[in-house]
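Please look at the structure below with its sequence beside it, and follow the report from one part to the next.

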Amino acid sequence: MLKLSKLATAVALVVAGSAAVAGEVEVLHYWTSGGEAKSVAELKKIMQAKGHVWKDFAVAGGAGDNAATVLKSRVVSGNPPAAAQIKGPAIQEWAAEGVLANLDATAKAEKWDDLLPKVVADVMKYKGNYVAAPVNVHRVNWMWANSAVLKKAGVTSTPKTWDEFFAAAEKVKKAGLIPVAHGGQNWQDFTTFESVALGVGGTKFYNDALIKLDEKALTSATMTKVLETFRKIKGYTDAAAPGRDWNLATAMVIQEKAAFQFMGDWAKGEFSAAGKVPGKDYICAAAPGTSNAYTFNVDSFAMYKLKDAGAQKAQGDLAASIMGTEFQEVFNLNKGSIPVRLNMKMDKFDDCAKTSAKDFVDTAKSGGLVPSVAHGMAIKPAAEGAIKDAVSQFWNDDKISVADGVKNIAKAAATK
Ligand code: GAL
């Protein structure tokens, strides 16, 4: 009897103990496509296994434009989620508002400074303190191609230059298929645009024009060439492109309706979810002219200050889990990205991911590693938004001359 009551007390203590440390974690994200939803579900599983309650706050809309608007209204009304998927300079802007939590205790215990490339750690910190946890590294300057479509069109090798690309696109068109699957939304237009800028102008031009926003580079002859090439690509897209979501464009490549898509490697998450194999069903290649460069896009969760102790504990566990080896592997296998945590085993990853991991390290040494502007890694949100609008206006309106396009983009870049 005595033994039993002792046991009951012990059980009660354990239950009370875990109740005290468990909490609800509300996570705002925009991962709603097939591959993305599979990826984020892994984080939910890990948090639930730790006894926490996952409150999913998914806001559909590629690249997170809608999510950013919803986040603002929640924070302004004093009711932020525990974590929100934001990145790059936007993290700094939120931190400057004084609403982000300090993650240094977790970061120290988990040795984040040793486990992250410095270029990434710096973005996660505000005034030296961690305020966000990084998830992955996406490469943006990819070109995806359907092997069967290329074969049907008589394209025998993957284009490495823009000239080769247009020759291949012409063949696909003649074969009655869509050369380029595009989704006409401004972040997708810009995803293509920045790959063209990198391919046509090289890393120095990309840095000067799109990151330093240097007027001379923005109005140079190279910029003219970039816009001419960019416009030429539009001629190979279909009439239904305007407004199309990125994953529907990827589906056109998967379903052999289109040959190519310019998109970051979250597109690979869609190929994987559809059971397609790289090197066999589809090809991943650097966008023409960009094989020695790497536009990086690091997804991350910024953590907001919370009052409830259980929620704070859950938030700390979320941050630690995000950087843990279990999550870094399974999430990135599904997402198409590579782990952001250094020294991870890559044996389960496919060749595209292995190329990405190697190129990430190589370009960091050679100077070819540059932040993606399209994906909010490089410049302040106001200027980014203005440039994106100018680029999309040019893309959408064939009456805007290249010379005017150049002028409009340079003017937008001056937005403070
Ligand atoms: C990117 C983001 C990716 C993916 C993509 C489409 O900006 O970094 O994780 O979600 O948008 O929404």
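In this predicted model, the side chains of Ser-392 and Asp-189 make a polar contact with each other at 2.7 Å. Ser-392 is found in helix α18, which covers residues 381-396, and Ser-392 has a relative accessible area of 8%, so it falls under the 20% limit and counts as buried.

Another buried residue is Ala-413, whose relative accessibility is 8% and whose place is in helix α19, made of residues 402-413. Between the C-alpha atoms of Ala-413 and Val-340 there are 30 Å in space, while the two residues stand 73 residues apart in sequence.

**The ligand and its shell**

Which residues come nearest to the ligand, of the 13 around it? They are Glu-36, Lys-87, Asp-299, Lys-335 and His-375.

Sorted by class, the shell around the ligand consists of five nonpolar residues, four polar residues and four charged residues. Why can the ligand be said to lie between domain 1 and domain 2? The reason is that both domains give residues to the shell around the ligand: domain 1 is made of 6-138 and 297-365, and domain 2 is made of 142-295 and 369-413.

**The disulfide**

A disulfide is a covalent bond that joins the sulfur atoms of two cysteines. The structure holds one disulfide, which is formed by Cys-284 and Cys-352, with their sulfur atoms 2.2 Å apart. Is this disulfide left-handed or right-handed? The torsion about the S-S bond of Cys-284 and Cys-352 is about -100°, and therefore the disulfide is left-handed.

Because Cys-284 belongs to strand β11 (residues 282-286) and Cys-352 belongs to helix α17 (residues 351-366), the pair ties together parts that are 68 residues apart in sequence. Of this pair, Cys-352 has a relative accessibility of 2%, and so Cys-352 counts as buried.

Methods. Residues numbered from 1 in each chain as written. Predicted model: local features only at pLDDT ≥ 70, side-chain atom pairs only at ≥ 80, totals over all residues. Heavy atoms only, no water. Near = heavy atom within 4 Å. Nonpolar A, V, L, I, M, F, W, Y, C, P; charged D, E, K, R; others polar. Domains from an automatic or database assignment. Disulfide = S-S within 2.5 Å. Helix = DSSP H or I, 4+ residues; strand = E, 2+ residues; numbered from the N terminus. Buried < 20%, exposed > 50% of the residue type's maximum accessible area, 1.4 Å probe, protein only. Polar contact = N/O pair within 3.5 Å; in protein donor to acceptor, adjacent residues only side chain to side chain.
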